[in-house]
Amino acid sequence: MAIIAKISKGTLMDQIYIPKNRIGFDVGSYVRISPAVAEPIERFFFHNIRSLEKLKLKVIDDVFSEIEKIVVVYDNIIVTGSFLEKGFNFEDIDIIVLTDKKINSAIVELELSKKTGIKPHLIFLSNKEFLKGVTNIPAYEMMLAKCITKRRLVYRIERKLDHRILDLELLKSENLPLNFDSLNGKEKYNLTRNLIAISLFMKNEKLTKEAVDGEISRIFKIKPDTIKANMLQKKSFSEIFRKIYRKTYNEVLNLIPNGSKQKKAS
Amino acid sequence: MVQNKKRLVELLIGNISNAIVHSILEKAIVDSEVKSRYKKEMENSIEIAKKYRLKINPANTTLPEVHAEEIKEKLLKRVKSKLNERISKGYKNINLDRIEEEADAKLKELKVR
């Protein structure tokens with residue numbers, strides 16, 4: 001393990017600054033300094049992450065190296081989702097690989113599971129798909145609000161409200177009132193988060209996990225953890241959910257530009 | 001018990017109709033870049049429907065014809081209603097001709113008919 005850094009000039013002593021988010025090199029530990037020969041500088045790009053457990057950084061390093069070995073030609077690798085939240089309350093690790101090559105995701109998933117012991121949730125996207133998703137799909141914007149990337153992530157979010165995409169995104173959440181009794185807490189939370197994210201996306205409001213969780217608490221008058229723990233009161237929760245769903249659905253349909261209408265089915 | 005079966009049939013219809021609506025709306029999207037994202041959702045609804053189907057007897061053979069026809073009729077009505085609502089608001093490229101074909105395929109897959 002090595003970090004390459006530059007010696008900077010100090011008043012009494014010179015110093016070397018190293019990033020706070022790093023694998024190893026704990027404060028107080030002794031290190032050996034030696035001149036660097038032309039070695040590649042290994043660093044990640046952090047987006048809205050103040051700190052991360054060192055163990056997770058090691059996992060991310062393994063993920064990046066393993067994907068690099070298999071995929072070879074790629075534009076970026078993005079790690080996102082609950083894995084980046086504080087603590088170890090995650091079930092999998094969400095990874096987006098931006099590549100125009102056709103990749104057998106099963107092979108990559110298997111290798112990543114073997115290497116890290118964590119179930120990966122892999123999405124392969126071409127650059128075109130990624131850019132389309134970032135501007136049209138609330139979930140993509142949420143994923144990118146907090147992530148770690150292998151390379152610098154250069155994109156510009158200009159939200160586009162496409163009724164067809166938002167309709168399909170919203171349709172997912174219809175599963176909650178329909179299958180309330182058979183869904184677990186995490187599934188209910190994901191479907192609620194999806195609904196609220198779409199609603200905020202349409203209002204052109206900030207789309208981060210914190211913003212969505214705050215809106216869930218405000219609307220449902222419960223903490224998101226209560227949903228995750230599956231401790232909901234079915235009647236009251238479903239009533240509010242249906243109301244918000246219907247309101248958002250109507251707003252999505254109102255986005256349809258006026259045009260000639262198709263013939264209805266009998 | 002009868003009430004329970006009625007509820008299971010309702011849930012079965014609800015999930016199949018979601019899958020069909022998903023499938024038809026997904027085909028209305030012109031951009032191929034995001035299309036693949038929604039196939040998984042349709043499959044998910046069918047997987048949930050399968051779980052409910054297994055709780056309805058007979059689970060391993062098709063349902064009695066009268067019962068199967070009743071389910072199909074309710075299913076078509078629900079899907080048409082959902083899609084017609086969108087069409088009435090000006091949603092384009094919704095191919096209603098595919099509803100019956102999709103319904104037949106899904107009901108066969110779930111051993112309803």
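## Contact between the chains

In this predicted model, 24 residues of chain A are in contact with 27 residues of chain B. On the side of chain A that touches chain B, α3 (127–136), α5 (163–173) and α6 (175–178) of chain A each supply at least two residues. The element that gives the most to this side is α5(A), with 6 residues. Sorted by class, the side of chain A that touches chain B has 9 charged, 8 nonpolar and 7 polar residues.

B:Tyr38 has its place in helix α2 (residues 32–54) of chain B. Is B:Tyr38 buried or exposed? With 20 other C-beta atoms within 10 Å, B:Tyr38 is buried, because 20 or more such atoms is the cut-off for a buried residue. B:Tyr38 and B:Gly90 are 52 residues apart along the chain, and their C-alpha atoms are separated by 22 Å.

## Chain A as a whole

Chain A contains 10 helices and 7 strands. Taken along the principal axes, its C-alpha atoms fill a box of roughly 80 × 40 × 40 Å. Of the 266 residues of chain A, 29% count as buried. Among contacts in chain A between residues at least 6 apart in sequence, those joining residues at least 24 apart make up 67%.

The average pLDDT of chain A is 90, and 95% of the residues score at least 70. Confidence in chain A is highest in helix α10 (residues 234–253), at 97, and lowest in strand β1 (residues 7–8), at a mean of 88. Residues 259–266 of chain A have a pLDDT below 50; this stretch has 14 contacts in the model beyond near neighbours in sequence.

## Domains of chain A

Chain A is divided into domain 1 (42–149) and domain 2 (163–253). The C-alpha centres of domain 1 and domain 2 of chain A lie 25 Å apart. Domain 1 of chain A puts 8 residues into the contact, and domain 2 of chain A puts in 10 residues. Which helix provides the largest share of the side of domain 1 of chain A that touches domain 2 of chain A? That share, 5 residues, comes from α4(A). By class, this side of domain 1 of chain A has 5 nonpolar, 1 polar and 2 charged residues.

## Helix packing

Helix α7 (residues 185–202) of chain A packs with helix α4 (residues 138–145) of chain A, and α7(A) also packs with helix α8 (residues 209–220) of chain A. The table lists both pairs.

| Helix pair | Angle | Axis separation |
|---|---|---|
| α4(A) and α7(A) | about 95° | 9 Å |
| α7(A) and α8(A) | about 105° | 9 Å |

The angle makes α4(A) and α7(A) roughly perpendicular to each other. From α4(A), the contact is made by A:Pro138, A:Ala139, A:Glu141 and A:Met142, and from α7(A) by A:Asn194, A:Ala197, A:Ile198 and A:Phe201. By class, the residues of the contact of α4(A) with α7(A) are 6 nonpolar, 1 polar and 1 charged.

Likewise, α7(A) and α8(A) are roughly perpendicular to each other. In this pair the contact is made by A:Thr192, A:Arg193, A:Ile196, A:Ala197 and A:Leu200 of α7(A), together with A:Ala211, A:Val212, A:Glu215 and A:Ile216 of α8(A). The residues of the contact of α7(A) with α8(A) divide into 6 nonpolar, 1 polar and 2 charged. A:Ala197 takes part in the contact with α4(A) and in the contact with α8(A).

## A buried loop residue

A:Leu84 lies in the loop between β4 (76–80) and β5 (92–98) of chain A. How many other C-beta atoms lie within 10 Å of A:Leu84? There are 22, and A:Leu84 is therefore buried. Not counting residues up to four places away in sequence, A:Leu84 touches A:Ile49, A:Leu52, A:Val79, A:Lys146 and A:Ile148. From C-alpha to C-alpha, A:Leu84 is 20 Å from A:Asp26, and the two are 58 residues apart in sequence.

Terms used:
Residues numbered from 1 in each chain as written. Chains lettered and ligands numbered in written order. Predicted model: local features only at pLDDT ≥ 70, side-chain atom pairs only at ≥ 80, totals over all residues. Contact = placed C-beta atoms within 7 Å. Helix = DSSP H or I, 4+ residues; strand = E, 2+ residues; numbered from the N terminus. Nonpolar A, V, L, I, M, F, W, Y, C, P; charged D, E, K, R; others polar. Axes fitted to C-alpha atoms, helices over the stretch in contact; angles between N-to-C directions. Parallel < 35°, antiparallel > 145°, perpendicular 65-115°, else oblique. Domains from an automatic or database assignment. pLDDT = per-residue confidence, 0-100. Buried ≥ 20, exposed ≤ 12 C-beta atoms within 10 Å, placed from the backbone.
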